[in-house]
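Open the model in your viewer and keep the sequence panel beside it. This tour goes from stop to stop, with a selection at each.

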Amino acid sequence: MNKEMAETLTRTGPGTPMGNLMRRYWVPILLSSEIAEPDGPQVRVQILGEKLLAFRDTQGRPGLIDEFCSHRGVSLYFGRNEENGIRCAYHGLKFSVTGECVDVPSAPQACKHMGITAYPCIERAGMVWAYLGPKDKQPAPPDVEWCTLPPSHVFVSKRLQESNYLQAMEGGIDTSHVSYVHKFEVDEDPMHQGTKANDYIKADGNVIFDIEKNDFGLTLYGRRNGEPDSYYWRVTQWLFPWFTLIPPFGEHALGGHVWVPIDDHNCWAWSINFHPDKPLSQDERRHMEEGKGIHVEYIPGTFRTKANKENDYLIDRRAQKEKRAYSGVFGFSMQDASLQESMGPIQNHEKEKLLPTDRAIVMARRMLYEAATALQPDTDPPAIDAGAQRVRAAGVLLPRDQQPQEWAKVHLADASEHPVYSI
């Protein structure tokens with residue numbers, strides 16, 4: 001990428017081309033459990049460079065408003081959540097979930113002039129989502145498969161990643177790295193162990209890619225040697241602009257991510273596991289809560305990971321030497337995050353020298369860039385149709401003379417109509 005393209009893709013604050021684009025989609029902002037109680041404590045939220053405040057009002061409605069009072073700029077974090085609104089602790093102005101000022105004790109007639117920014121919110125999959133774009137362009141709610149399942153079928157976590165969203169998301173798009181950084185953990189992790197996929201991934205690090213552009217984003221077909229008469233295909237989905245769906249392993253839960261900018265130097269990495277047709281077992285949910293698989297261990301009381309850049313991600317050189325951890329870092333997410341954060345808060349894209357296995361990353365960058373620079377107030381961005389999101393990732397053995405694209409059109413296009421394909 002040249003400097004202009006890199007700047008466009010990595011800057012997401014208000015008024016930037018990429019920021020304008022991302023605001024046209026529903027954005028996951030926090031877990032519903034973070035504002036579980038009506039009239040409970042409000043929570044600071046920073047998304048796409050905006051400092052906001054989330055709360056649940058007396059009626060149980062989630063709200064997302066400007067953090068600061070319109071009167072003197074005091075943070076409403078120190079206000080009172082009571083009787084269907086947040087009341088500023090400084091002079092008593094009160095704001096509803098819609099941002100309307102409903103009370104100015106010293107000057108009731110001023111209410112209509114004192115409103116603040118507010119964004120509509122919905123709840124899906126135990127997450128609060130907000131729409132930060134123009135009111136007349138609000139799209140249908142997200143329809144990714146895991147958004148539509150009962151709570152018993154889904155587990156969601158989030159973690160702070162101290163890097164730009166783009167380099168984090170590109171790790172989710174890049175499936176070739178699985179044969180390296182995760183190589184020694186797939187047999188031990190309870191969310192991946194005991195599958196033939198592990199054998200194929202470890203045995204063949206020379207992944208051959210075919211990439212297909214479609215209505216929702218990109219489908220990535222990663223080919224490895226399977227059996228003597230077959231190839232093992234890992235089919236990964238990238239749903240514009242920030243969802244990734246991970247090929248499943250055996251009977252284990254399916255997985256996915258959402259990569260959401262906090263600001264230009266930090267992002268939320270959301271991790272989701274789910275079964276389309278049954279509840280997660282007690283053991284599965286326990287493992288996820290313990291930080292296994294794509295989830296993490298936290299510093300208590302935060303969403304910052306226990307392994308982080310201040311402690312070199314608890315790197316274990318002996319484990320690296322003994323081939324128990326390829327990079328010396330344990331945990332799938334932290335193995336990725338440690339490498340992505342090592343690039344710096346914003347990677348120097350002008351210095352990178354890309355390889356054929358980076359083709360999907362190049363295509364995703366181009367799609368994001370073209371969409372951001374072409375977006376007009378009266379136009380719709382790509383992949384705005386939520387109905388196109390009902391796709392699924394897969395792992396499958398196919399005869400060596402069979403191309404995966406036609407197979408995927410039949411078996412992956414409408415996820416709910418087909419079984420899970422996994423090895």
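**Stop 1**

Begin with an open sheet of 4 strands, ordered 2-3-4-9 with antiparallel pairing. Its edge strands are strand 2 (43–47) and strand 9 (118–119), each of which pairs on one side only. Strands here are DSSP runs of E, at least two residues long, and helices are runs of H or I, at least four, numbered from the N terminus. Two strands pair if DSSP finds at least two bridges between them.

This is a predicted model: local features need pLDDT of at least 70, side-chain atom pairs count only at pLDDT 80 or more, and totals for chains, interfaces and linings use all residues. Residues are numbered from 1 along each chain as its sequence is written, and side-chain values use heavy atoms, with hydrogens and water left out.

Now select strand 4 (residues 62–66). Strand 4 and strand 9 are antiparallel and share 2 bridges. Pick I65: opposite it, in strand 9, stands A118.

**Stop 2**

Select strand 14 (residues 217–225). Is it mostly covered or mostly uncovered? Mostly covered: 7 of its 9 residues are buried, that is, under 20% relative accessible area with a 1.4 Å probe, protein chains only.

I208 has R223 of strand 14 as its bridge partner.

Look for N225, whose bridge partner in strand 15 is Y231.

**Stop 3: K137**

Select K137, in the loop between strand 11 (127–131) and strand 12 (154–161). What does K137 touch, leaving out residues up to four places away in sequence? R24, Y131, P377, D378, T379 and D380, where a contact means heavy atoms within 4.5 Å. Then show Y25: K137 and Y25 are 112 residues apart in sequence, yet 9.4 Å apart in space, C-alpha to C-alpha.

**Stop 4: the whole chain**

Zoom out. The chain has 9 helices and 19 strands. Its radius of gyration is 22 Å, close to the 22 Å that the globule rule gives for 423 residues, so the chain is as compact as a globular protein of that length. The radius is taken over C-alpha atoms, and the rule is 2.2 Å times the number of residues to the power 0.38. Along its principal axes, the C-alpha trace spans about 80 × 45 × 45 Å. Colour by burial: buried residues make up 56% of the 423.

How values were computed: Buried < 20%, exposed > 50% of the residue type's maximum accessible area, 1.4 Å probe, protein only.
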